Every structure is written in C-alpha cells, then in structure tokens.
Amino acid sequence: MSKIFYGWYILAAVFVVYMLSSIGVSTLPLLNAQLKTVHGWTHEQVSGPPSLLYFFISFVAFSLGWVLDKIAPKTIMVVGALCMIVCLAAYYFITDLWQLYAVYALYSVALTCTGIMPAMVLLNRWFADYRGVAVGIFLMGSSLGGAVFPKWAAWMIEQYGWQTAALGLLVACIALILPPLFAIKNSPRQLGLLPDGKTVASVQSAAKALKKATVTSIGQALREPLFYLLLFVTAVMWFCITALIQHLAYYMKDLQVELSLSGTLLSVFFVCSIFGKVIFGYLSDRFSPKYILLLASASMTLGSLAWQLAATAGIEMLYAAAVIYGIGYSGTFTMIQIVLAAYYEGPVYGRLLGFFTMADTLAGSLGIYWLGYLRTESGSYASGMQTMAILCALSTVCVLLMRKPEQAASA
C-alpha cells in the first residue's frame, strides 16, 4: 500500500488556515451591523474600516510579493495567524470608531499573510499535474468558512450579543489555526520529494519544469494584452464581491429581511462557491482555462442581475442570486489563480502575484466604500447593484478577448 503524498497534508493545512482567514471578510460585517446600531454610525462610517482593510492589504501584498520567494511561506503564515488572534481579541473591546479602524488595519496583515499568496507558493511547489484540483480544493476553504461562521455568528449575536460572538470567534480561531501551522513544510525537498509525490529527480524533468515558465520578466508581462485583460477581470471580481459581502446585511435590512435569513443567504452563497471551486479546478486540468473562466464570468453576471431583481421579486430571487453568484464568483476566483500560475510561474511569479493581489484589494476597497457612499447619498442600493451588473458583463467580454502569451502557446 503506497503512502499518502505529504502534499495532500500541506493542502489540508493551508485549507484550514484559509478557512479561518475568511472570518474577517464574511463574518465581521454581521458584527459591524450591530456596532452601527449600538453606536449610531452611518452606512458610510461603518463601511470605512473594511475599506481601510483592503486599502492596506494592497500595499502589504505588493511588499510581500517581493520577498515571498526569500522568506519561508510557513513563517509568513505564522505571523499572519498571530495578528489574526490579536485582532479578534481586540474586537471585544471596541467602543469607538477609531478602534474599529485600528483592528481592521492590523487585520490587513493577518489576511495577507494567511491568505492566497503564501498558500499559492506552497501549492505550486508541492503540485504540478494535480495543481488545478489542489487550487480548487484550497480555495474552498474561504467558502466553507463563509458558510459556517456567519450562520454561527448570527446565532450567537441573537442569543448572547455581539461581544460574546466575537469571543466565540476568537476561541475557534485559536483552537483551529495552530495545529495546521505545525504540519506545514515549505518545500517537498525537505522530505526528499518532488511535486505530486515523485521521488526520482532527473535533468530532463528539471529542464521540462523550466520551460513551463512562460514569462521571465516584469517587462515581458507588461507587454502582453493578457496581463491587462486578466487584471481587469480580477479587479472587477473583487470590486463586486467584497462590496456585496460587506453590504449584504445592510441590503437585507433595506429589504426588511431578518438577520437570521441574512446569515442563511451568506451560508448558501458560500456553500455554492465550495462546489464551484473544486468543479472548476477539476475542469481546468482537462479543458481550456479560458472557456472555463468565460463560463464562470457569465454566471457571475447573471448572479449580479439576480441581486438587483431581488429588490422587487421577493425572497426566492434572493436565494437564486446567492446560488448563481456563488458559483460564478468561485469559478472566476479559481480560474484567475490557475491562469496566473500557469502563465506566470517562474522567477517573477511572486512579484506578479503581489501586484495582482494589490490591484484586487484596491478594487475591493473602492467597491466597499463606493457602495456605502451611494447608499448614504441615495438612500438605496439600486444604482450600486445595477453598476455591478454592468461591470460583470464587461469582465465577460474581456475574457472573450484573452489570448495566450506567445511562449505559453507552445507550452
């Protein structure tokens, strides 16, 4: 009986860490809605700290990209885990708006260091032939966290109050995040292995791996149309998804939907994205990534239209929006990571990953603030939802225009 490849344990470890990192994105907005009510803050005020979170993540990610290949990913993830624990502990004591800003500023370090960047470096080292499936499974972590933690937090808020809910999240984080960190190995070389569990290295396999690097410089990447099209697609995705998640609780209040149903809708959304990520990851190993990304982007467009129609069509449309948007978002998210790894793997991968992450988070920060501003000024989310649908449609067109870089075409 053959031994289980240790890379699957690495995948399980980064999965759990990434699942916990989703608390800051998927669950804290429920607590923020309570803070808004308790302290009388406006929509614009309470959306300010999450916007600051993504603003700081953009610069943390850009800096991390330049050192990611020099500092062990495990070390980076440990730092992020410690920051996350401190933030959740501090959340209990928030009484002023500046304190919420301070917590979100530190959380920017936590989310960056426990998120996609170090995990993708690890997965690229441990997997080659099974990279699509591995990435899809890994990205399911945030979806599972989004399916579990909001529902649990909503129940805790209703039963015991938001401060007790914050303590519950802290305890869960400490209990779940520490064991996986001990299991992480930075490279298969530490165990005398190669990616996918191969045990025999050869000059030919090393040369073949080297040829997979389709882009060898930042300048080369900037000359490719693919770079800008992919950048727009990923920026639109984060602009829309972060704005929607951070404002969904408020949108539900405008529609006179109960808090418990808001938590349920978030859970439905993230459950659907769980299946979407692994399915799209599996398909990416067998079909053209462009067409899988196109399908995902089109689904996200339909989902954004459903969120807009939900204002007049009723609860059934809300569930439809959660399902379709969850599938579309997860597919787009997964395929962007796979395309980045496939076309930009090589000496500048870390820097490009940092650049794309910076663009993602800046777009997400703008989306959160912009939607809150429109809601405060107009008293409705209607125009914001309409604009997000238009952006998703434009993103789908960009996918249609994508072409492989010249070197990638012969790979």
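Student: Why is Met120 called buried?

Tutor: Buried means under 20% relative accessible area, exposed means over 50%, and partly exposed is what lies in between, with a 1.4 Å probe and protein chains only. Met120 has 0% relative accessibility, and therefore counts as buried. Please keep in mind that this is a predicted model, in which local features need pLDDT of at least 70 and side-chain atom pairs count only at pLDDT 80 or more, while totals for chains, interfaces and linings use all residues. Residues are numbered from 1 along each chain as its sequence is written, and side-chain values use heavy atoms, with hydrogens and water left out.

Student: Which residues are in contact with Met120, leaving aside its neighbours within four places in sequence?

Tutor: Contact means heavy atoms within 4.5 Å, and with those sequence neighbours left aside, Met120 is in contact with Val135, Gln337, Ala341, Tyr349 and Leu353. Met120 itself lies in helix H6, where a helix is a DSSP run of H or I of at least four residues, numbered from the N terminus.

Student: What makes helix H6 largely enclosed by the rest of the structure?

Tutor: Of the 11 residues of H6 (residues 116–126), 10 are buried, so the helix is largely enclosed by the rest of the structure. Among these buried residues are Ile116, Pro118, Asn124 and Trp126.

Student: Why is Leu305 called partly exposed?

Tutor: Leu305, which has its place in helix H13, has 37% relative accessibility, and so it counts as partly exposed.

Student: What makes the nonpolar surface patch, and which helix gives the most to it?

Tutor: The patch, of about 360 Å², is made by Leu302, Leu305, Val323, Ile324 and Ile327. Patches are made of residues with over 30% relative accessible area and no salt bridge, with nonpolar side chains (Val, Leu, Ile, Met, Phe, Trp, Tyr) joined within 5 Å and like charges within 9 Å. The areas come from the Shrake-Rupley method with a 1.4 Å probe, and for residues only the protein chains shown count as cover; a salt bridge is a side-chain nitrogen of Lys or Arg within 4 Å of a carboxyl oxygen of Asp or Glu. Helix H13 (289–313) and helix H14 (315–344) each supply at least two residues of the patch, and H14 gives the most, with three residues.

Student: How do you know that Met385 is buried, and where does it lie?

Tutor: Met385 lies in helix H16, and its relative accessible area is 3%, so Met385 is buried. Leaving aside neighbours within four places in sequence, Met385 is in contact with Leu244, Tyr251, Trp307 and Gln308. Met385 and Trp307 are 78 residues apart in sequence, and their C-alpha atoms are 7.1 Å apart in space.

Student: At what angle do helix H15 and helix H16 pack?

Tutor: H15 (residues 349–378) and H16 (residues 382–401) pack at about 145 degrees with their axes 8 Å apart, where axes are lines fitted to C-alpha atoms, for helices over the stretch in contact, and angles run from 0 to 180 degrees between N-to-C directions. Trp370, Leu371 and Leu374 in H15 meet Ser383, Gly384, Thr387 and Met388 in H16.

Student: Why is Gly367 called buried?

Tutor: Gly367, found in helix H15, has a relative accessible area of 0%, and is therefore buried. Leaving aside neighbours within four places in sequence, Gly367 is in contact with Phe239 and Ala243.
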